[in-house]
Amino acid sequence: MKIGWQVGSVCFFALFAFGVWLSLLLPLSDALGPGPGFFPLWLGLIGGVLSVTLFVQVTRQPAGAAGEERLTPDRPAIQRILAVLVLLAAAALVLDPLGFRLTSFFFTALLLPALGVRSLPIIAVFAAASGFGVFHVFYYWLKVPLPIGVFGI
Amino acid sequence: MDTLHFLLNGFAAAATPANLTFALIGCVLGTLIGVLPGLGPAAGTAILIPITFKLDPTGAIIMLSAIYYGAMYGGTITSVLLNVPGEAASVITCIDGFQMAKQGRGGTALGIAAIGSFIGGTFSTVALVVVATPLSVLALKFGPPEFFALMLFGLCLVTGLAGRSLVAGILMTAVGLLIAMVGIDPVRGAPRFTFGIPDLYDGVGFIPVVMGLFGVAEILITAERPYKEVIKTSLAHLFPSADEWRRSIGAIVRGTGIGFFLGLIPGVGAIIPTFISYIAEKRVSKTPERFGNGAIEGVAGPETANNAYANASMVPLLTLGIPSSPTIAVLMGAFIVNGLQPGPFLFHERPELVWAIIASFFIGNVMLLILNLPLVGLWAKILEVPWQYVCVGTLLFCILGAYSINQSVFDVWLMMIFGIVGYVLRKLDFPMAPAILGLILGPQLEKSLRTSLEMSAGDFMIFLTRPITAALLLLSITVLVVSAFQLTPSQIRQASDE
């Protein structure tokens, strides 16, 4: 946990440093008062100081003081997490070209087995309901605009 | 007299068949969200915003508010039957609620929680009616410096009470504020931090961020550690015995007071009132050793405080435009999606809408009581849905919700990125609430600061020469100083264990 907080504070420092750099490219003031760069510049500076403070605080703590929980998941858990993320990314990639119905159908059909569901009929029914049922309810009943893909589905 | 007149008009608007249906749907969906572990009220409310796209603003906000307080009750069911809180405010209910379930008194625990929630929610709404108008009139006298100081005060409270490290809390607030800087500059209208990406001109979408930080991150946590089996307990006796009633009445009265008064303070969050209520019950009890072993007061007090808080926390949102918690921030986002800016102006420009929403709280509380007492067995059955289906369903709704806000795949990517960030931050135990509030309050905070400085020709003394502003800034500093020595929720829990 301690190393996690240290890495976290370094990442935050980098984020705020980037914010300060971007703010300096914007006008800090104009004829009327503070400009677009004014607030983010101060925010970046304050955030940078806080990141350093947090890093120092965590570094000075004895090992284990920031929490004892193990950070890295076990192998099956990593596989499940990766499956979720890969399929989410794939869904974002194909959502516009394939449309919502096919995307959610395949998303469900692939994610359920990846999470440990083995019954094919259940996967098929759930995937069909996710793809076509959800689309019907939201698109036709609730009038929520959802993408229709190149196949017109 | 005006208040009563507005409230009656509000009831007339809220009691139309359409709005009653929206409230009912909201209560059912909210309870469902609360019941399903891995789907908290913030993510649940955000995910369900698309359902309300085609509704009129009144119906949309009524439904989303009902989802919010429905979820607050629903979380109790998992706390009692699963020993897993459906949402953060139900953490304390696990202690005695789960013990009651193990003793075969699960039905009574859920029954007293429903009754306490109803009483706390209803009294809290009555008090809301009383204080809302004077507070909104006072807020109308606020200028940009006062609003800046007020928002800063709210952020300081959230930061101070958020977690175990004050520095981490302030840092997360700054992260939220920095992300809020992306988009068109609210004062001059110039693009800022957009990197030439048109999707960023409107800023980083609040709803995809919340869905990512709370929804996707929670699913990743569940995928890592799937939740447990439901405990088999008797749900036959929902109504407490005479002795249990005697023990619960005082807890319900105290819980109502604690929940309401803490709900009025922007930034307190839903967890603190429940913990304070639990500690209060343990302190006043003549047999404190029963706590942790199935004491009914340990369920009645916190659950009442939870729902009293839920309704009272609408006061700062409706009258001042300040959200008290991430879920209220999502509700504020829903107001904005519907073209409404919560705050004193909304109270005076659209009274019919605000009072219809307030009236719907009364109706929603009755609906929740009716839904939850007879249907508790059904909700318990829903808990048996395998976690894989909940995960897939939630992710699907996240994709749908993120996409449909702007019909943009960019928002789906944004949600996914913030999901990964949220997962890592959750694992590291960084507080998330300050970042969310920073994100939603960022544009207004910056606008009020810069407008104030324009008013004073760049002189920062404007914040010290106006009494309300100076007082609020002093309070903000006090909160931060006190927070360094305060009792955080984990410390309070430790105290209650002792």
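This is a predicted model: local features need pLDDT of at least 70, side-chain atom pairs count only at pLDDT 80 or more; totals for chains, interfaces and linings use all residues.

Visitor: What is the secondary structure of chain B?

Guide: Chain B comprises 23 helices and two strands.

Visitor: How many of the residues in chain B are buried, as a percentage, and what share of the contacts joins residues at least 24 apart?

Guide: Buried residues account for 64% of the 498 residues in chain B. Among contacts between residues at least 6 apart in sequence, 78% join residues at least 24 apart. As for the accessible surface of chain B, the total is about 16,600 Å², with 69% belonging to carbon and sulfur atoms.

Visitor: Why is Glu281(B) called buried?

Guide: A residue is called buried under 20% relative accessible area. Glu281(B) has 2% relative accessibility, and therefore counts as buried. Glu281(B) is located in helix H11, residues 271-284 of chain B. Its contacts, leaving aside neighbours within four places in sequence, are Gly250(B), Ala251(B), Arg254(B), Phe291(B), Glu297(B) and Gly301(B).

Visitor: What makes the pairing of Glu146(B) and Arg466(B) a salt bridge?

Guide: The rule asks for a side-chain nitrogen of Lys or Arg within 4 Å of a carboxyl oxygen of Asp or Glu. Between the side chains of Glu146(B) and Arg466(B) the N to O distance is 2.9 Å, and the pair meets in a salt bridge. The two residues are 320 residues apart and link distant parts of the chain: Glu146(B) is in helix H7 (residues 144-162), while Arg466(B) is in the loop between helix H21 (462-465) and helix H22 (467-483). Over all chains, the count by this rule comes to 15 salt bridges.

Visitor: Are Glu146(B) and Arg466(B) buried or partly exposed?

Guide: Glu146(B) has 6% relative accessibility and therefore counts as buried. Arg466(B), with a relative accessible area of 26%, is partly exposed.

Visitor: How do you know that Glu224(B) and Lys427(B) form a salt bridge?

Guide: Their side chains meet at 2.7 Å, N to O, and the limit is 4 Å. This pair also links distant parts of the chain, with Glu224(B) in helix H9 (residues 206-224) and Lys427(B) in helix H19 (residues 409-428), 203 residues apart. Both Glu224(B) and Lys427(B) are buried.

Visitor: Why are Asp243(B) and Arg247(B) separated by about one helical turn?

Guide: They are four residues apart in helix H10 (residues 242-264) of chain B, so about one helical turn separates them. Asp243(B), at 35% relative accessibility, counts as partly exposed, and Arg247(B), at 27%, counts as partly exposed. Elsewhere, Asp185(B), Arg192(B), Glu446(B) and Arg450(B) are joined into one network by salt bridges that share partners.

Visitor: Why is Phe148(B) counted as buried, and which residues does Phe148(B) touch?

Guide: Phe148(B) has 9% relative accessibility, so Phe148(B) counts as buried; the cut-off is under 20%. Phe148(B) is found in helix H7 of chain B. Not counting residues up to four places away in sequence, Phe148(B) touches Leu445(B), Ser448(B), Leu449(B) and Phe463(B).

Visitor: Are Phe193(B) and Phe195(B) buried or exposed?

Guide: Phe193(B) has a relative accessible area of 10% and is therefore buried. Phe195(B), at 51% relative accessibility, counts as exposed, the cut-off for exposed being over 50%.

Terms used: Residues are numbered from 1 along each chain as its sequence is written. Chains are lettered from A and ligands numbered from 1 in the order in which they are written. Side-chain values use heavy atoms; hydrogens and water are left out. Buried means under 20% relative accessible area, exposed over 50%, partly exposed in between (1.4 Å probe, protein chains only). Contact means heavy atoms within 4.5 Å. Accessible areas come from the Shrake-Rupley method with a 1.4 Å probe; for residues, only the protein chains shown count as cover.
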